[in-house]
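Good morning, and thank you for coming. I would like to take you through one structure, part by part, with the model on the screen.

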Amino acid sequence: MRDSEFAARLRSGADELAAAVNPPPPDAIRRRGDHRRRRAAVMSGVLALAIGVGGGGAAYASLGQAGARGSGGHSGSVPLGALASGSAAALPGIVAVTTGGAVVVLNAVTGIATRVLVPQVDAIGDEVSISPSGATVYFAVKRDCVDYIESVPLSGGAPAVVSTGVLPSVSPDGTKLAFVREPVSGGPSTVRYGCSGTGGSPASQFQVVVRDLASGTEKVYPAAAAAPVSHLSWSPSGSAILVSAGPAGQNTGWSLSVLNAITSVPVTGQPDAAESYYREGVYLPDGNLFVDRVCCTGVPGSVTSTLLQEVSATGRLIHQVTEGFKDKDHTSLDASSGGLLLYLSGHDLYLSDGTHAPYKLTSGLIAAAWLPS
Amino acid sequence: MRDPRSFDAFYTGSVRRLVGQLHAMTGSRAEAEDCVQEAYARAWQRWDKVSGYGDPEAWVRTVAYRVSISSWRKTANMRAAHRRHGAPGDSTGLSPDYVAIVTALRKVSDGQRQAIVLHHLVGLSVEEIAKETGAAVGTVKARLSRGRQALAPLLDEGVHCDA
């Protein structure tokens, strides 16, 4: 078939189909557009109100009706009831760790902390994880150069130590907890994640641990890449864990690997054909990945582009969410069960529905995750 | 200031054509209709700007295509499309030749399919496709060439390029 014949058949068929289409009247489309416009206005108005009251972006510290105070100590809370009329009020909540080391629950519309789960515990980032039932929050704390995973009921209560380690990630069925441990030669009970001057190569010492929450038994896997592990994410089926690691040494060799009980498979070549690296990635509900893809130059490397994208499990680009800031790290990536995205750019929390440009909700955070909806 | 009359005229004059083009890109009439309607709603949302663009139809087509390739939107759209139109079965009444082409198009890569539809159906030049898709001219040429080669066995044909 010649190109001209191919084109003629294609056009003829498309014309046939177009003639059979019965589109809605234009006023129906305009009403739909107006609805979107009003919704966007409500969102931006509420956001402006939250930021204004919260004091220039530190809205997380301004507490609502629960009455507790965050680490920032800003006053002037906004009644939550006044904000609940926005269409985005159905958004799931967010659990976050503040730069002051507190674990808080944020209203995803206003960015204001509605509750302080654990005040001033020296919680560390960039991962906080919530059980699928929404009952328990897992986070990491540092005490005397030892890192612990702790849990606290979302309904309130005293935190309890689960194990040593960092970067907690609860499995989709809620029965297992994956985290990272960096044991020194004295054994797995001592952890020195983030402490300087302890010698040795951290690249060879990171371990991914999967703990059965009922029995307390643990499986230990060698690190999926020769670099510090920076984030963990369970696949929707619970059969694999996506391990973000890097940078390696002073270079920018971040990597992303899928770890299951038997194999550790790189998502793609590191770097890929565009000489980019996957700085961090998490699973989306459909099995694809939400990643920060970074391109860089030089040794030690400087970032030349950072792109937040949806890619397939093999690294094929599906959709670009946005371009990030070259001078900031993009961490704490997370996707809700409905596909809503969040991430931190430096200490700023950004939200997106995946199709619209992300917007900054609030500041002053080192970790964040969606609550189950 | 958004002028509803100019939007209505634009919508009425182009919506069927765009559904036809999106159908060739997605292979699903219901999905094409939903994505195109969503794109027009977004166009009206910012009609004061979009109406000033040189080719608003290209803007709507690009947005509709982006909506269609987002897998999250795809899932939501499919559910909505099923509610509105029932299960797929939207090839009824179309010529077997066209159905065969659309079926074959679904088997080539997204980039190749988009380039082929924009070139052979919409009638854009390689340079115009590059501008609309954000790809390099060489990439578009390669997609067109490899796409047609990939389609040939699927359509049980040899490849004959026009001189």
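**A sheet near the end of chain A**

Let me begin with a pair of strands: strand S24 (residues 348–352) of chain A and S25(A) run antiparallel and are joined by three bridges. Within that pairing, A:Leu351 has A:Tyr359 of S25(A) as its bridge partner. Before I go further, please keep in mind that this is a predicted model.

These two strands belong to an open sheet of four, in the order S22-S23-S24-S25 (chain A), with antiparallel pairing. Strand S22 (330–335) and strand S25 (359–362) of chain A are the edge strands; each has a single partner strand, so one side of each has no neighbour in the sheet. On average, and ignoring direction, neighbouring strands here are turned by 30° against each other.

One of the pairs is A:Leu344 with A:Leu349, the latter in S24(A). The two strands form a hairpin with two residues between them, and A:Gly346 in the turn has a positive phi of about 65°.

On its other pairing, S23(A) meets S22(A) in the antiparallel sense over four bridges. Here A:His330 has A:Ser345 in S23(A) as its bridge partner. This hairpin has five residues between the strands, and A:Gly339 takes a positive phi near 90°.

How many of the residues of strand S23 (residues 341–345) of chain A are buried? The count is five of its five residues. Both faces are covered: A:Leu341, A:Tyr343 and A:Ser345 are buried on one side, and A:Leu342 and A:Leu344 are buried on the other.

**A second sheet and the nonpolar cores**

I turn now to another open sheet of chain A, whose four strands follow the order S3-S2-S1-S26 with antiparallel pairing. Strand S3 (113–118) and S26 of chain A stand at its edges with a single partner strand each, so one side of each is left without a neighbour in the sheet. The twist from one strand to the next averages 25°. Within this sheet, strand S1 (residues 94–98) and strand S2 (residues 103–106) of chain A run antiparallel and are joined by four bridges. A:Ile94 stands opposite A:Leu106 in S2(A).

The largest nonpolar core has 81 residues, and those with the most contacts inside it are A:Ala96, A:Val103, A:Ala123, A:Val128 and A:Ala368. Which element gives the largest share of this core? That is strand S26 (residues 365–370) of chain A, with six residues.

A:Ala368 deserves a moment. Leaving aside neighbours within four places in sequence, A:Ala368 is in contact with A:Ile94, A:Ala96, A:Val128, A:Ser332, A:Asp334, A:Leu342, A:Leu344 and A:Leu349. A second, separate core has 44 residues, including B:Leu18, B:Val19, B:Met25 and B:Ile129.

**A buried serine**

A:Ser151 lies in strand S6 (residues 146–153) of chain A. Is A:Ser151 buried or exposed? A:Ser151 has 20 other C-beta atoms within 10 Å, and because the cut-off for a buried residue is 20 or more, it counts as buried. Not counting residues up to four places away in sequence, A:Ser151 touches A:Thr136, A:Val137, A:Tyr138, A:Pro159, A:Ala160 and A:Val162. A:Thr136 is 15 residues away along the chain, yet its C-alpha atom is separated from that of A:Ser151 by 6.5 Å.

**The two chains and their contact**

As a whole, chain A has three helices and 26 strands, and buried residues make up 45% of its 373 residues. Chain B has nine helices and zero strands; of its 163 residues, 45% count as buried.

Helix H1 (residues 4–26) of chain B bends by about 45° at B:Ser14. Just after this helix, B:Gly27 takes a positive phi of about 80°.

Finally, the contact between the chains takes 34 residues from chain A and 41 residues from chain B. On chain A, helix H1 (3–20), helix H2 (26–54) and strand S21 (317–323) each give two or more residues. H1(A) gives the most, with 15 residues. The chain A side divides into 14 nonpolar, nine polar and eleven charged residues.

Definitions and conventions: Residues numbered from 1 in each chain as written. Chains lettered and ligands numbered in written order. Predicted model: local features only at pLDDT ≥ 70, side-chain atom pairs only at ≥ 80, totals over all residues. Buried ≥ 20, exposed ≤ 12 C-beta atoms within 10 Å, placed from the backbone. Contact = placed C-beta atoms within 7 Å. Nonpolar A, V, L, I, M, F, W, Y, C, P; charged D, E, K, R; others polar. Core = buried A, V, L, I, M, F, W, Y, C linked by C-beta atoms within 7 Å. Bend = angle between axes of the 7 residues up to and from the residue. Pairing = 2+ DSSP bridges. Axes fitted to C-alpha atoms, helices over the stretch in contact; angles between N-to-C directions.
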